[in-house]
Amino acid sequence: MNDNTLENVLVLADGDSKEDDGQDQKPKIPAEVPVLPVRDIVVFNYMILPLFVGREKSVAAVEAALAGDRHILILTQKDESVDEPGTGDLYEVGTVGLIMRMLKMPDGRLKILVQGLSRARAAEFTAQEPALTARIELIEEPQVAELTSEHEALVRAAKEQSEQIMNLRGISSPDIMGVLSSVDDPGRLADLVASNLRMKVADAQGILACVDPIERLRLVNTQLAKEVEVAAMQAKIQGMAKEGMDKAQKDYFLREQMKAIRRELGDGADDAEELDELRAALAKAAPPEEVMREAEKQLKRLASMHQDSSEATVIRTYLDWIVELPWNRQTRDRLDIGKAEKILDEDHYDLSKVKERILEYLSVRKLNPKMKGPILCFVGPPGVGKTSLGRSIARALGRKFHRMSLGGMRDEAEIRGHRRTYIGAMPGRIIQGLKQTGSRNPVFMLDEIDKLGADFRGDPSSALLEVLDPEQNNSFTDHYMNAPFDLSKVMFICTANTLDTVPAPLLDRMETIRIPGYTEHEKIKIARRYLLPRQAAENGLRLRELQLSDPVLAKIVREYTREAGLRNLEREVGSICRKLARRKAEGQKGPFRVTAAAVEKFLGPPRMRDDALEASLPPGVALGLAWTPFGGEILHIEVQAMPGKGKLTLTGQLGEVMKESAQAALSYARARARQFGLDPEFTEKMDIHIHVPAGATPKDGPSAGVTLVTALVSALTDTPVCGDVCMTGEVTLRGRVLPVGGIKEKILAAVAHGMTTVIIPKDNEHNLVDIPAELRRRITVRPVELIDEVWPLACRSEPGAEAPAAPKAPAKTKAPAKAGAKPRAQRKPAAS
């Protein structure tokens, strides 16, 4: 309902009371009256409203009415845009009104107060000038004799919907509701409500022209239903807008308070100063032109938005990243080759290949300053010093060092960064690392590259293809920065325990340097030079207070820390230092001498037992060598032959390759049965069981082929193999021994377990160059080309003795041993 609802309703109520008090006092309406055209309004009976009159003919009509009995016919224009309406531009039905008051305005217009008296139809227009005049026909409204239930429902609906509209629009007045409740006549109620509804002119004119009061009330109810729906939606929108406006006003008020507090404390510059500081920082950072254009674009956006908005925070963070990245800052390389070599020797013992490669890089860098950074990959077991070697290289070069662990990484965004589409987005860890170092040419270590993962968020290894490609990384684009950054000056160093899980395209981009492990001699030297001083200092001891001889260190290495690396060795040395630190804290005076007996007291009984080193092995047992990501290992292979029907059983969690090697070994033994003194049809009379102990550990690979053949022939011929001989190599059906990998790690394991002889494929002889001379002096390496050469070497009676010929065992299966006979495991070798 309109804003002047209260006034109109009360006025109509006054009209009701006047009519009720005496209808005979109602002025008589003449048959011919002046006509007042009005725009966008329809006047109903007993409605009192002010009208502003300004058109010439309209002013003349008002003056004519005032000159007479003050009656005037009010007709609504069909088109409100017509300034000079004719008779055809006006609706036929209107309302005869009484001019109650008139006031002349300063601008020449008239303001009149008019009350509607009765509906009327303009039967004929009698004059055009100076004002419109018409002969009218009053429209008498039929009286409703009796209200039916339908009529009563229409009346109640009109009242309830009117009340609902007023409530939705916040108009709560008992007077209005009292007036509505007092009107029971359908026609009068329809006029009362229609005069206060917001309707289109055509709809209001339709209600005015409707003579039947019941039908008119139906039309009003229809308009009321529409108005209720509109009012409800309007109230909802206004409520939402008010909530948003209240929050915005509250936020604005709080921000202004914060600004005032900052100004009082002097803790921050205003927005203009902050933008000036950003511009100055960008100019100082001097990023490339493409990056500078993007930064200036974002700076303009920042200047045009509220500084406390979330988007402004994102832009400000982005600009901070651009300012802080080392676009042109880099450290100067230390190109003194002798000094760099001295630093490398101070930090690490041996590792000649790695040191030689770094010195080569420095030499080339000295001759060609524009060379790109190398991409190295250190491969070796845990604890051999791959990560610490990266730090040592950075110190030798005089560069910053940053380490990034790739173990378990599954999200590509960790490398390329998150797109700048939400609050909290960040660059990838490559860009973060460069920001932390503050240099564009650091030594950047990518640790555990063999443990990268992949899932629905992407494949980090694919993202690293661009990072580790010297032809592409000069324009590496992070998703967050959305601008290229030159990584060609960065020296990337990757580490891995194994290369089996590294994708081939990624491996192709790296220069691989293997660090297989340390010999016992090297471990003693490293412990003496590095581990003891460090652990003594960490535990509050002076180095001169700690006395450990080389034999004692050798005992710790041999009996407590059988590994390729040094972590367990340092852990055990640290344990001894803690025991001595307690003695010192209790008041004992040093120096503290640690003997072999004291080692067992401090560390407990030896954990590693040389079970592989025996004078002789039971028939059917041979010692092989295996490679693992943690170094080399001794592998026991056991074969048991028993009466049966030729069944072959394989146990010990063998992989497919080892199973195939076992089948090949059996086929080779069958083919060489007569040479070994066996019945050619032994497979039809015997079952063979091949087992590799430590059954809980999966095993696979081709290196056990030679060992499987040796153990199988030993079992079939009942001939034991020497306990200090181990072997490795792949075997073919024709008896050739093929080369295998991990020779250095395997020989290290053989020496650590006290082996004296190791048999390797002849094609692996070139790998002996990597074996330290000290290690080669402690073990005899026998290269073989054919499997026939293995058996004499494996069955010699003692080291250095002449190898016997192949044994001639009986073709038939031996009878069970008599009671009292020695067990086969304790018999002497047949060759002796």
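This is a predicted model: local features need pLDDT of at least 70, side-chain atom pairs count only at pLDDT 80 or more; totals for chains, interfaces and linings use all residues.
Residues are numbered from 1 along each chain as its sequence is written, and side-chain values use heavy atoms, with hydrogens and water left out. Local features need pLDDT of at least 70 and side-chain atom pairs count only at pLDDT 80 or more, while totals for chains, interfaces and linings use all residues.

Trainee: How are helix H9 and helix H10 oriented, roughly parallel or roughly antiparallel?

Mentor: The axes of H9 (residues 289–303) and H10 (residues 310–324) come within 10 Å and cross at roughly 150°, where axes are lines fitted to C-alpha atoms over the stretch in contact and angles run from 0 to 180 degrees between N-to-C directions. Angles under 35 degrees count as roughly parallel, over 145 as roughly antiparallel, 65 to 115 as roughly perpendicular and the rest as oblique. H9 is therefore, relative to H10, roughly antiparallel.

Trainee: How many charged residues are in the contact of H9 with H10?

Mentor: Contact means heavy atoms within 4.5 Å, and the residues that meet this include Glu294 and Arg301 of H9 and Glu311 and Arg316 of H10. With Asp, Glu, Lys and Arg counted as charged, the contact has nine nonpolar residues and one polar residue, and the number of charged residues is four.

Trainee: Why is H22 called oblique to H23, and what is the distance between their axes?

Mentor: H22 (residues 656–671) and H23 (residues 705–717) pack at an angle of about 45°, which makes H22 oblique to H23. Among the residues that meet are Met658 and Leu666 in H22 and Leu708 and Leu712 in H23. The distance between the two axes is 9 Å.

Methods. Helices (H or I, at least four residues) and strands (E, at least two) are DSSP runs, numbered from the N terminus.
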